[in-house]
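Look at the structure first, then read on.

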Amino acid sequence: MHCFIFCSGQVKMILTELEHALLAENEEEKFEVRQNFKAGLIPDVKLHSNKASEEGLTPEAQTMISGKTVNSYSSNEDYDDTQRLMWEEEERMLVAGLHLDKKRERKKKTKSSPNASNNNAQTIIPILPTLVPLSSAHLSSPDISPNPTVVPVAIGDVKSGSLLEDLVAEVLLTPTRSSTLDVNKGHSLVDVRIHTANNEDSRKQIGTSIGPADRTFSYNAQAAMLSSTKTQPSNVTEVSEKSAQSKSNNKKAIKKMGKNTSNAQKQPQHLPYFMDNYCPPECACYGRVVQCSDKGVDRVPYGIPYNSRYVLLMNNHIDRIQLDLFSEYNTMEFLALTNNRLTDGAIEGAFEGVPVLKRLYLDTNQLQSVPNDLPTSLEELRLDNNQVEGMSETAWTHCPGLLILSMSNNSLGNGTQSLPIAVLSPLCKLRALNLDHNQLTSVPLGLPLSIKELYLKGNRIEEFRNGAFDGKSELVVLDLSKNRLTNKGLHKDSLVNATHLESLNLEGNRLKQIPQHLPLSLKTLNLESNFIRSIKKRAFGALKNLEHLGLTKNKIFKVAVGAFRTLPVLHQLDLGHNRLRQVPRQLPKSLHSVSLTHNTIQTVPRDSFCWGNTTLSLSGLVRVQLQNNAIDLSNIDTQAFRCLRGFQVVNFY
């Protein structure tokens, strides 16, 4: 059974105040009674004898009230403390008899109730003095101790349950009271709720109202185990207290929840590895481009998004690629691993499961062979600057759609041999092949006819035989510069099938004459840095499409008259750094630029630039470079430049 908690220092004053307030006919009289009591004026009880009689008071109580007048409490009279205490005792006796009859009625109802038990039980309420904060005036009173003790009060003899109800309501509804009690640390707290039940009859009998029928007051108080028994059913006040065990469980749950929260905060946050919006900390991401180059990493950064299209890992220290690392990258088209430390074993099986990989850069690593697990979707493969010493036809069967293959700066020829015949035949769609600086001694045979660009610069090729292309080739660009080719090694039928060849670079070889039997489709011919000494009149045959001719850095000292006249569309001619003593005669009228610098030219013949009909039209030349020669401008024949657009076209210095 739960108990009420009151302030012992204030009970006596509250009881007296409440007893007079109960007799007030309305709220105004109630307020007036309180004010008179606080001022020391107690109203005449006789004035309310009729009201008390109507409420069912016993004849003895009415006689006591009618025979006693207490209006002698006057502010104009001064009585000593002893007499005042006597009057207060008499007032309490009078009030105690007000509800005598009501108690008898309650006992009758209790006896008739089948659930009634322990009718004579008393409930002991320990009064907790700290419920109501005490003002400084209260603390200064000699009757009230700052730390009063808990006083047990027997309420079993209280004449009315409604009186007790109003008493509790008055204590809790007083504005000067606090609904929350601060207790010292270390005391357990319990939640106490006081429910005021609906008892309209009791409120009518005492002529006052306590508010809503079911009012709940919640406050914190010191835990107190109250020994009690069941009260009579007429007591409409119900006290409910949550068990201390429930509170302890709540505290444990809160503590556990806080611990879990703390652990959750300590636990590392899940990062969306491989997700579309994730970017490894070592990289910079721009849409679907992941830039991880020049970061000094030794592994492929973990968590690169699976939807990446371009992954750049150049200039790092990567020496291993995890097995099946790229198998989930279904949209990756370009993977650059340039300038790392990859070996054959480090990349084994790394690219086999990449479905749409088109461009793979493995240049500048430590590979010694061509990977055997290249994806079928591959279109461009760069293996430059490795240590590849050979290749097999099997390696290329996995990527028949390869378009660009660059393997410069390897050791494919090893200085003594060339590639096996038709080793690249599975690459039937190959468009560009770069085999620069591979120590090859001859042009590979059985090359795919689909090749349009073939680069063999910086090898040791001495001979270019027929059979490089078995059939009509689509070759457009051929670079054989910086090899060891001679006029004898360049066979007349070596380029017979290269009917689409437009650019031929023979710079830096060992040629002594202009090569013959060149394809008629040529547009650019580079013969620089050879050992050519002279140019014959029919040297260029019928190269009707030649537009650019480079003969610089040879040893040319003699050019036949009209040697370049057979080149009707020649635009650019470079004869610098030779041994010419005069400007060649009858240069093509189609020329736009001619360079004759760094020779020993002394004279400019009249028919060098302007020749043909007597009525000359303006030449198409826009630049004539004659710097670093031995021309004496005082003896120069100005008629040699009569067809030019002006002397500004000619540069002597």
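In this predicted model, the torsion about the S-S bond of C610 and C643 is about -85°, so this disulfide is left-handed. C610 sits in the loop between β22 (593-595) and β23 (623-625), and C643 in the loop between β23 and β24 (650-651), so the pair ties together parts that are 33 residues apart in sequence. Both C610 and C643 are buried.

How many disulfides does the structure hold? There are 3. The table lists them.

| Pair | S to S distance |
|---|---|
| C279 and C285 | 2.0 Å |
| C283 and C292 | 1.9 Å |
| C610 and C643 | 1.8 Å |

Take C279 and C285 next. The torsion about their S-S bond is about 90°, so this disulfide is right-handed. C279 has a relative accessible area of 27%, so it counts as partly exposed. C285 is partly exposed too, at 29%.

The link of C283 and C292 is right-handed, with 105° about the S-S bond. Both of these cysteines are buried.

Count the bonded cysteines along the chain, and the disulfides follow the pattern 1-3, 2-4, 5-6.

Two further cysteines are worth a look. Is C399 buried or exposed? C399 is buried, with a relative accessible area of 0%. C428 is exposed, at 53%.

Now turn to charge. K537, R538, K544, R565 and K589 gather in a surface patch of positive charge. One of them, R565, lies in the loop between β20 (558-559) and β21 (572-574). R565 is partly exposed, with a relative accessible area of 47%.

Conventions: Residues numbered from 1 in each chain as written. Predicted model: local features only at pLDDT ≥ 70, side-chain atom pairs only at ≥ 80, totals over all residues. Heavy atoms only, no water. Patch = residues over 30% accessible without salt bridge, like charges linked within 9 Å, V, L, I, M, F, W, Y side chains within 5 Å. Areas by Shrake-Rupley, 256 points an atom, 1.4 Å probe, with all protein chains shown as cover. Salt bridge = Lys/Arg side-chain N within 4 Å of Asp/Glu carboxyl O. Lys, Arg positive; Asp, Glu negative; His and termini not counted. Charge placed at Lys NZ, Arg CZ, Asp CG, Glu CD. Helix = DSSP H or I, 4+ residues; strand = E, 2+ residues; numbered from the N terminus. Buried < 20%, exposed > 50% of the residue type's maximum accessible area, 1.4 Å probe, protein only. Disulfide = S-S within 2.5 Å.
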